[in-house]
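Hi everyone, thanks for coming. Let's walk through this one together, one contact at a time.

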Amino acid sequence: MKYVSTRKGFEATSAETVFQGLAPDGGLYVPLLQSNNPNNLNNRTISSLREAEEFVMARLFDDLPAEVRTAAVDRLCSRFPAEDPIPLVEKDSLRILELFHGKTGAFKDVALSMLPVFMKHAANGKRVLILTATSGDTGSAAMQGFAGVEGTEIIVFYPATGTSKIQRLQMTTPADANVHAVGIRGNFDDAQAAVKRIFADKAIAAEAAAHGITLSSANSINTGRLVPQIAYYVLAGAKLQSSNPNNRTIEQFDVVVPS
């Protein structure tokens, strides 16, 4: 699978998009879908989060080695030991996908259990410094995901006021030497803008490179976050299909994401 920047059209492989985060032109990487790419979904063949992740990665991360994809899914499943890690429950005629059963209670625990595996492969022995802005949940999930991962350091910038007490404790109490949290005066938008300025600053990139360090991100700009999260909706569709009492194919369903 090739990816292309939303700005100047830079193309990259899956591994390059994970390693870079943002494209060199400041754009976001999106998949360059081919007309012959097999993207149809037979819902009845998918019954678990593992199968949903394998389905998505075989299409959107197909140029990553199979053993890397397998290692990423294995790491995810080891961190979500429940038989049904993201259950689809029904309440008042709505179906609600529970995405809070990970280590930090954030929906991002799924993708951030897998991103470190992709990142280590993409880095190919290079040291990586991950800079991430957060309003609370991304930071704690990213720190939990990368804690103790060799060759990586992560710095999370969060509003010193405005996050929940649990989120602040999750970010400020880890014992692992490679994870760091920095409280800022400002809100999430201030943190995000500052991180983007760092990524856009060639002098900072050169200084990091001089120390053998490459900068990357664990925010949702990174395909290593986005691609694993697509599996939520694949699995939800499969569950809707299997629970349909009339056994008719469900052609379409709406998804509402509170944000």
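In helix α5, Asp137, Gly139, Ser140 and Met143 meet Gln167, Gln170 and Met171 of helix α6; contact here means heavy atoms within 4.5 Å. By class, that contact has 2 nonpolar, 4 polar and 1 charged residues. Ala, Val, Leu, Ile, Met, Phe, Trp, Tyr, Cys and Pro count as nonpolar, Asp, Glu, Lys and Arg as charged, and the others, Gly among them, as polar.

A quick word on where this comes from: it is a predicted model, in which local features need pLDDT of at least 70 and side-chain atom pairs count only at pLDDT 80 or more, while totals for chains, interfaces and linings use all residues. Residues are numbered from 1 along each chain as its sequence is written, and side-chain values use heavy atoms, with hydrogens and water left out.

Helices (H or I, at least four residues) and strands (E, at least two) are DSSP runs, numbered from the N terminus.

How do α5 and α6 cross? The axes of α5 (residues 137-146) and α6 (residues 165-172) come within 9 Å and cross at roughly 30°. Axes are lines fitted to C-alpha atoms, for helices over the stretch in contact, and angles run from 0 to 180 degrees between N-to-C directions.

Helix α5 also lies across strands β6, β7 and β8, at about 165° to β7. Those strands belong to an open sheet of 4 strands, ordered β8-β7-β6-β9, with parallel pairing. At its edges are β8 (179-184) and β9 (213-216), each pairing on one side only. Two strands pair if DSSP finds at least two bridges between them. Between β6 (residues 127-133) and β7 (residues 152-159) there are 6 bridges, and leucine 129 stands opposite glutamate 153 in β7.

Now, over to helix α2. Which side chains meet in a salt bridge there? Arginine 50 and glutamate 54 do, at 3.9 Å, N to O. A salt bridge is a side-chain nitrogen of Lys or Arg within 4 Å of a carboxyl oxygen of Asp or Glu. Because arginine 50 and glutamate 54 are 4 residues apart in α2 (residues 49-60), about one helical turn separates them. The structure holds 5 salt bridges.

Finally, α2 packs against helix α9 (residues 223-242) at an angle of about 125°, with the axes 8 Å apart. Residues in this contact include Phe55 and Leu60 of α2 and Ile230 and Leu235 of α9. By class, the contact has 12 nonpolar, no polar and 1 charged residues.
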